[in-house]
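Here's a friendly walk through the structure, one question at a time. Keep the sequence and the 3D view open as you read.

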Amino acid sequence: MTVPLKKKIRYNRAETRAAWILLLPSVIGLICITYLPMIASFTLSLFSWNGLGEMKFLRLENYTRLFTRDTKFYGSLLTTLEYAGISVAGSIVYSMIIALLLNRKIPARGFFRAVFYLPYVLPALAVYLGWKWLYDYNHGFFNYGIKLLGGSSVKFLDSSAMVTPSLACIAVWLSGNLIVIFLAGLQNVPRTYHEAAEIDGANAWQRFWGITIPCMTPIIFYNLLMSLVTNLQVITPALSLTKGGPGTGSYFMCYMLYTQAFKSHKYGYGSAIAVVLFLIIAVFTGILFGTSKSWIFYEGDDKA
Amino acid sequence: MKKVLAIVLCLALMLPLLALAEGDGRVHITYSFWGNQTEAESVQAALDVFNGMQDKIFVEPMQIPNEEYTQTLVNYAIADQLPDCGMVNENAVLYFSRNGVMADVSDMYAGEELQPMDCITFRDAGVPVGYSSCNEILILYYNKDMFDAANEPYPSADTPYTWDEFVEVAKRLTFDEAGKHPGEEGFNPEKIVQYGAFVNNWTWQMEVWALSNGGAWFSEDGNECLINSPEAIESIQKVADLALVEHVAPLNVIPEDNGIGVGIGSGTVAMTTDGTWRLGTDFPNLEINYGIAPLPVMKEEVTSCTSGLTGVFKGKHQQEAYEFVKWYTREESNWDSLVLTGIWMPKSEYYYKTEEGIQAWLGNEKYPFKDLETGRKVLVDYTMNYAKPACWYFTPNTQITTNEILFTALQSVWSGERTAEDVITEIYPELCEAIVVD
C-alpha cells in the first residue's frame, strides 16, 4: 500500500518542480508587483508620511479621519458608485445589443465589428480629449448641435450633476471588448435549442429570453465582474478631463487617492484610501459571486 | 567560427563599460528639467555652451514629464538618487527645503554684481531658501482689432481700469448673434459670439484678486490662512460673476493652465489676464494684434510675480552644481533662447532700474513685444512698483492648499452651483490644517 503511494509522490514531485520553475517568473512578479506593495500600502496607511520626512505611527488615525472628518470622502464614494453603476449597466446593455446586431447576417459585418471595437484600442488620452471637445460648453460639438436646434447649452462636464453620467457615457462607448466577448458567447449558443424552440412555435422574443439569455449568463457574469472591477477603479477621465470637478462631481476614489498621495504628498492617507477602495471592490465582487449561483446557467448543470 | 562570433558579441557588450571606465577627469553632474522637445533642445544647447567653456564640470540633462515632475524627484530622493540640480515647481520649493532636500543658498549671490529681486526669493520663516530663474508677472492682454471694431479706446498703460470700468468695457465688447450687449433688451446669453473679458481662474492666479480687493489668502509669514476674509471671498465671487451674472466672460469651470486658449487665444474674447511668459510662448503663434496693460484694480493696484526655481540639491557635487546653476540662471546664459524670445523677464534689478538694462532686453529688436514705452510701464514699472510674490514664495504646503483643496472646491463657484462664501467657509478648516502639516 505504501510503496505505490511513495512512487506516486516522487512522480508528482518532479512534476511539481517543473511546474514551480515554469511558474516562478509570474509568481515572483505577482509577489513583487502585487502582494508586497499591497502589504506595504496597508502598513503605510497606519502612518503619516510626506515622502521625504520622518514617518509617524498613527494607528488608525488615517481611517478615523477619512470616515469622520474628510469632507470629500462620502461625496467621492457616492460619485464612484454612481459612475460604476451607470457605466456597468450601460456597457452591458449596449454591448449586448450591438453584439446581437453584429451576430446577424448583415452586409459588411467584419467592417462593423471593427468599427465598434475600435474605441477600445484607441489611446485613452486621445479618446478623452476628443470627447472633451464634443462636450465643451462654449464651443463643443454637442452644444453647437443643441443650439442649432434651438435648445440652450447643456453643461455636460461643467455641472456636478451632469458630469458623472457624461463620463459614464464615454465608458459605455469604450466597451468594445465586452462586445467581442458577447459575440463569442452568442456563437456558442447551440443552434439546436433555437431550432427546437422554433418547431415548438416560439417567437424571436421568447427564444431570446428563453434560450439566448440563459445560455449567455456565464458570459454576462464574466463581463459584469470585469466591468465592475474596472469601473470602480476609474481615474483616467478625472485625470485627463475634469480634474475631479466640478466640486466633487467626478472626484472618484482612485483620483482622490492619487491626488492625496502623489500631489499632496500624503502617502499614508492615500494608502488608507487605497485600502478602503480595495475593501469596497472586494465587497461588491463578493456579492456578485454570492448571488451568481442563483442566476447563472451552465450547460450540463443539474439545476437547468 | 561560432567561438569567434561569441567573443565578438561579448566584446560588443563590454564596450559601454569601457566608455564608462574611461572618464574624462571632469565632475559629471545631472540637471533635471521638464518641457517639450523644443525646450529640451534649448536646454541641451545651453548645456553644450557650459560644457564647452570650461573643463571641470560636465552637465548631463535629465528630462522628466511635467505632470509627474515633483513626484519623480520625490522617488529619486527616497532612493537617494536625486539629480545634482534641477528645476523645481513653485509649489514644491518649501516642501523640498523643509524636508532637507535643497542645499543652502544663503551665500549663492554673495558679492555678485547682479542680485535677484526680492519679489522672486522663496523664504521659509523669513530665511531665503531659493531664487526663481526669472521673473513673471500677471498682466492684461487685449485684442486691438476688437477694441477698434467697438470704437473703444485701448486700456491705458498708466491708469488701470477700476473693476467696474473693466466690467463696463467688457459689456460693450460682448455681443450675441443679434449684436445685442449684456444688459440690453433682448440680449441672449446663450448665443454670445464675442466675449469682452476672461480673467484666468487657474487657481494660483486668483490670489492676486484677493490682494487687489484689500485682502489676502495667507499671512505674510505663511502661518495663517486669511482666505475667509470678506475681501478675499468677494474677489473670488466677482471673478466668477463675470461669466455667471455679467455674461461678459466664457464659462471655465475646470481650469487648466490654458487660460490664454480659453480667453484671447480663442479669437472670441477681447481681454484676458495671464502671465508675461505668454509674450514668448503663445503670442508669436497667435496672429492677434494685441496690446498689454496693467490688471484692473478692485481696491489696490497690485500684480503677482512668480517663476519656477532652479535649485541645487544636497549631495556630493553640491559645489559644482552651484557653479552651474549660477551660470545657468544668469540672464546672459539664456539671453537669446529665453529672454529675447519673451519667455523670461530678467530676474535682476539691474534690468528694471537702469536705462541700459531696460534697453538691453525691452529695447532689443528681437524682443517680441515691440512697443518700448508701453513695455516700460506694464512690464518694468509695474514689476518694480506693484508686484508681490505669489503665495508659494512664503506659504508652506501650497501643493495641498492651492493645488488641491482650492482647485477642486472653487470649481463649484465657477459653475455657479455654490457661492464663494459658501465654499470657502466649508473648506476653511481644512486649509488651516493643511498649512501647518509638516
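Q: Which helix of chain A holds Met216(A)?
A: This is a predicted model, where local features need pLDDT of at least 70, side-chain atom pairs count only at pLDDT 80 or more, and totals for chains, interfaces and linings use all residues. Residues are numbered from 1 along each chain as its sequence is written, while chains are lettered from A and ligands numbered from 1 in the order in which they are written. Helices (H or I, at least four residues) and strands (E, at least two) are DSSP runs numbered from the N terminus. On that numbering, Met216(A) sits in helix 10, residues 204–232.

Q: Is Met216(A) buried or exposed?
A: A residue is buried if 20 or more other C-beta atoms, placed from the backbone, lie within 10 Å of its own, exposed if 12 or fewer, and partly exposed in between. Met216(A) has 21 such neighbours inside 10 Å, so it counts as buried.

Q: Which residues does Met216(A) contact, leaving aside its neighbours within four places in sequence?
A: Contact means C-beta atoms, placed from the backbone, within 7 Å. With the sequence neighbours set aside, the contacts are Gly185(A) and Val189(A).

Q: Which strands stand at the edges of the open four-stranded sheet in chain B?
A: The sheet runs in the order 2-1-3-12, with mixed pairing; strands pair if DSSP finds at least two bridges between them. The end strands each have a single partner, so one side of each is left without a neighbour in the sheet. Those edge strands are strand 2 (57–63) and strand 12 (309–312).

Q: What is the bridge partner of Cys85(B) in strand 12 of chain B?
A: Strand 3 (residues 85–88) of chain B pairs with strand 12 of chain B in the antiparallel sense, over four bridges. In strand 12, Cys85(B) has as its bridge partner Val312(B).

Q: Which helix of chain B packs on the sheet?
A: It touches strand 1 (27–33), strand 2, strand 3 and strand 12 of chain B. Its direction makes about 160 degrees with that of strand 12, using lines fitted to C-alpha atoms (for helices, over the stretch in contact) and angles from 0 to 180 degrees between N-to-C directions. The helix is helix 12, residues 318–328.

Q: What ipTM does the predictor give the complex?
A: The pTM of the complex is 0.84. The ipTM is 0.78.

How values were computed:
Contact = placed C-beta atoms within 7 Å.
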